[in-house]
Each structure stands twice: as structure tokens, then as C-alpha cells.
Amino acid sequence: AGGITSFGASQDNLRKGGIDSQEKQEKWLKRVTADRCARPDVSCRQVYSMGVRQAIWREKLYAEPDMRIVSAGVPDYFDVVTKARFCIHTEGNGWGARVVDYMAMECLPLMVNDRMIFPYANVLPWEDFAIHLRKDQIPALAATVRNISQRRQEEMRTALRLYKAGFVWWRPDGAAYEFTLAALGQRVEQLGLGRAARQARARS
């Protein structure tokens, strides 16, 4: 992981044309409408994406004119990510790692999850370059991103460029190795296992 092509190239279930047919949209809407875990106000840690992706579909965000929500992979993934202002990131079967692509391609991450711990959370100011919403805020998602001014978006993108190297492993531009060491080192200090802490214990 860490390369720009890691996840875009792995979309094994591509939606032809990059959009869902009305029939497909209605099929999935019917399914999530009957799913209790697809309700934004219900927390379900035991199901796929914790119900977040299902809730996004249930709220019909795919019908928003300035949003592109598709139920499968899209053939123009790289073009879409580089041109989008915000890219939704949720968990899947695991943490969900497309945020690597978003950072590398400078699409502002729109993180939707209740208890997600972000990469490098102990060393990076995520609030400077990403939006974080809870599952119960999904009904207000479209309005939330539309209310972020162009000036604020540019400020966030400037901050993103400062840290995007931490999500890329390839040299010479990538610095994920150094960012990982920094996060681990900070965590060691937090646990009281660093050199200074050991020396203090030895003196006491």
C-alpha cells in the first residue's frame, strides 16, 4: 500500500460507464431501506462498513447533482479523484485504505465514521485537511460540504500538501517510512517507554 495505484487498480467490480442505472439504484435503495443498520441513527459495528455505506445510499446521496456515488468501482477512478473537491472515505470489511489515494492525489478526505482512528492520528492535525462526520450526520453531509467556502477548501488543500508525502512509499517523493517512525516514536513516549522515561525511572 501507499502507491497511488494501489487501490484504483484493484477495482475488480467496475460499473460500466461509471454510473448506476436507475434499476440498480432502486434495487440497492430497496435493500438498504429494509436494513436497520442502514439507518444513520443506528450503530452497527458487526456489519459491513458499520452500516455507513448503506446509510449513504439510504439517504439517496447518489441523486445529488454535484455528487457521484456509485455502488461499484468506476473505470475513470484516477480522473475522478484528481478532479473531485472531496472524496468520501468509510470503512469496508476493514479500516478502508483509499484515503492513501486521496492524500496522494490531493482530494480532501471526507471521513465518515463514528470511532475511526486515523493514520498518524498522534502526529498529524487531521482537522486541518480533512472533514470528519459521524454516521448520524450523514443526512446533513451534502449541505455540510457545500457550506465549506472556497477559501477554506484552499487552506485545507495547502495543509494536505504538507502531509501527503506521509501516505506515499515510493521514493523520492514518499515519506511514509519516516511518518510511520514518527508516529511509533510518539506512541512509545506516550506509553512511558522512551529513553527519558526509562532514565527517570532509573534515577528514582
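Author: Cys37 and Cys44 are both buried. The model is predicted.

Reader: What does "buried" mean for Cys37 and Cys44?

Author: The term applies to a residue with under 20% relative accessible area. Cys37 and Cys44 are both buried, so each falls under that cut-off.

Reader: Why is the link of Cys37 and Cys44 called a disulfide?

Author: The cut-off for a pair of cysteine sulfur atoms is within 2.5 Å. From S to S, Cys37 and Cys44 are 2.1 Å apart, so the pair meets the definition.

Reader: What makes the disulfide of Cys37 and Cys44 left-handed?

Author: Its torsion about the S-S bond is about -85°, and therefore it is left-handed.

Reader: Why do Cys87 and Cys107 count as a disulfide?

Author: Their sulfur atoms are 2.2 Å apart, and the definition asks for within 2.5 Å, so this pair counts too. The link is right-handed, with 100° about the S-S bond.

Reader: Which parts does the pair of Cys87 and Cys107 tie together?

Author: Cys87 belongs to strand 1 (residues 86-89), while Cys107 sits in the loop between helix 4 (99-104) and strand 2 (108-112), so the parts tied together are 20 residues apart in sequence. Cys87 and Cys107 are both buried.

Reader: How many disulfides does the whole structure hold?

Author: A search finds two. With the bonded cysteines numbered in sequence order, they pair 1-2, 3-4.

Reader: Which residues make the nonpolar surface patch?

Author: Trp169, Trp170, Tyr177, Leu181 and Leu184 make a patch of about 590 Å². Of these, Leu184 is placed in helix 7 (residues 176-190).

Definitions and conventions: Residues numbered from 1 in each chain as written. Predicted model: local features only at pLDDT ≥ 70, side-chain atom pairs only at ≥ 80, totals over all residues. Heavy atoms only, no water. Patch = residues over 30% accessible without salt bridge, like charges linked within 9 Å, V, L, I, M, F, W, Y side chains within 5 Å. Areas by Shrake-Rupley, 256 points an atom, 1.4 Å probe, with all protein chains shown as cover. Salt bridge = Lys/Arg side-chain N within 4 Å of Asp/Glu carboxyl O. Helix = DSSP H or I, 4+ residues; strand = E, 2+ residues; numbered from the N terminus. Buried < 20%, exposed > 50% of the residue type's maximum accessible area, 1.4 Å probe, protein only.
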